[in-house]
Amino acid sequence: MDEFKRLSKHHSKYMTRHQPSPSKPPLAYCHDAVQDVSRTFALTIDALDPPLADQICVGYLLCRIPDTIEDSTHISTETQQRLLRTYYASLDPESPTSIEVFTRQARQYISTQSPVADWELVGNTPTVMAAFEQFSQDTQEAMRPPIREMITGMIRFTGRYADEPGIRIQTLIELRSYCHYVAGTVGTLITNLLAKQPLTTSREEALRRNAEHFGRLLQLVNIAKDVHEDYVTENNVYLPSEWLAAEGIPQDQIIHTDYQEGAISVLSRVLEQANQHLDAAQSYIEKMPLGNGNTVVAWAVPYLLAVGTLRELRTNPGTAFAPESVKVSRTEVRTILNAVSATDRQYLTSLREQVADNPLEELPPRLAP
């Protein structure tokens, strides 16, 4: 009850300021919202064409809503789990729990101190669901299972660390499980939508096998580059405790400068885990069908940015434990985008090798105009 009193003072202000305009179509709202909550993923969506662009946009937002709840530090674990369970039920077409029930509960905990755009999205969940319900029945059925599996994992991990200040990954096996729930499921979501096109059995099997690697690669790169931010802003530590203990590092001292040498050694093990997914993630891009609005650019760009981020982390690993963020330069982002747009999948290996060695700040001669 105290938590409600503390937060409800923001509720009436939120309700009057942050509701979407009734005149704005749900899909238009979704495309605007994704620009606010993730400029990185917005690049992928901008590179797609309809109908896949709409489907991926809405699917991403339906995943971002529970992610915002899982990452919240201003509400109790009990409240997180209650909201996640309600959201899970609301995505079941057979459940009596409506999305309005979830939203009414969630709006009690709107935070002006958390990322504002993320909580605006949570408050506008009915609009996202209205966009989802515009899709065909088979599209909805392709999207629901991986989203609900993701929520199941979030419920499991928030419950497992209910007595801790945040998530504290203990082992490599647990790290793999976490990456599956929060990223491997996204790979499944993408593949379910791609597989609505006619595919041979062997090609679909290859896609489904490699989708997990694509998702895990991107998640491990995020974990590696965001060690400081995850700990400071969300009180989460994803570097396994067993690895840190081997270096004599208490998990709650992960960013302390006294332990940086050992922490960098642990980070290198995370980078090696990410490297193990590179080949399969590339194969995923090379084998995916390009109909239904899909494009190579949409997936090759985040893949190559992940390769570039791994390069930066190898060069300056201490940055992961400091306030300054690990970033690929804007120049390189633009060059990668232009390079992928100017070529096809057969040159992906060549681009990957170049990005892995040095920043790609100008187009390779064969791609230059």
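Trainee: How do you know that the end-to-end span of helix 12 agrees with its 25 residues?
Mentor: This is a predicted model, and the values are computed from it. Helix 12 covers residues 201-225. At 1.5 Å a residue it should span 36 Å, and its end C-alpha atoms are 37 Å apart, so the two agree. Helix 12 also bends by about 30° at N210.

Trainee: What makes helix 7 oblique to helix 8?
Mentor: Helix 7 (residues 99-106) packs on helix 8 (residues 116-123) at about 140°, with the axes 9 Å apart. Roughly antiparallel needs an angle over 145 degrees. The angle of about 140° therefore makes the pair oblique.

Trainee: Which residues meet there, and how do they divide into nonpolar, polar and charged?
Mentor: From helix 7 come F102, T103 and A106; from helix 8 come W119, V122 and G123. Four are nonpolar, two are polar and none is charged.

Trainee: Why is R107 called buried?
Mentor: The cut-off is under 20% relative accessible area. R107 has 14%, so it is buried. R107 sits in the loop between helix 7 and helix 8. Its C-alpha atom is 24 Å from that of E94, 13 residues apart along the chain.

Trainee: Why does H228 count as buried?
Mentor: Its relative accessibility is 16%, so it falls under the 20% limit. H228 lies in helix 13 (residues 227-234). Beyond neighbours within four places in sequence, H228 contacts I255, A320, F321, A322 and P323.

Trainee: What makes helix 9 largely enclosed by the rest of the structure?
Mentor: Six of its eight residues are buried, so the description holds. They are T125, T127, V128, M129, A131 and F132. These buried residues pack against several helices, including helix 3, helix 5 and helix 10.

Trainee: How do you know that the bond joining P50 and P51 is cis?
Mentor: Omega is about 0°. P51 is in the loop between helix 4 and helix 5.

Definitions and conventions
Residues are numbered from 1 along each chain as its sequence is written. This is a predicted model: local features need pLDDT of at least 70, side-chain atom pairs count only at pLDDT 80 or more; totals for chains, interfaces and linings use all residues. Side-chain values use heavy atoms; hydrogens and water are left out. Helices (H or I, at least four residues) and strands (E, at least two) are DSSP runs, numbered from the N terminus. The expected span of a helix is 1.5 Å times one less than its number of residues. The bend at a residue is the angle between axes fitted to the seven residues ending there and the seven starting there. Axes are lines fitted to C-alpha atoms, for helices over the stretch in contact, and angles run from 0 to 180 degrees between N-to-C directions. Angles under 35 degrees count as roughly parallel, over 145 as roughly antiparallel, 65 to 115 as roughly perpendicular and the rest as oblique. Contact means heavy atoms within 4.5 Å. Ala, Val, Leu, Ile, Met, Phe, Trp, Tyr, Cys and Pro count as nonpolar, Asp, Glu, Lys and Arg as charged, and the others, Gly among them, as polar. Buried means under 20% relative accessible area, exposed over 50%, partly exposed in between (1.4 Å probe, protein chains only).
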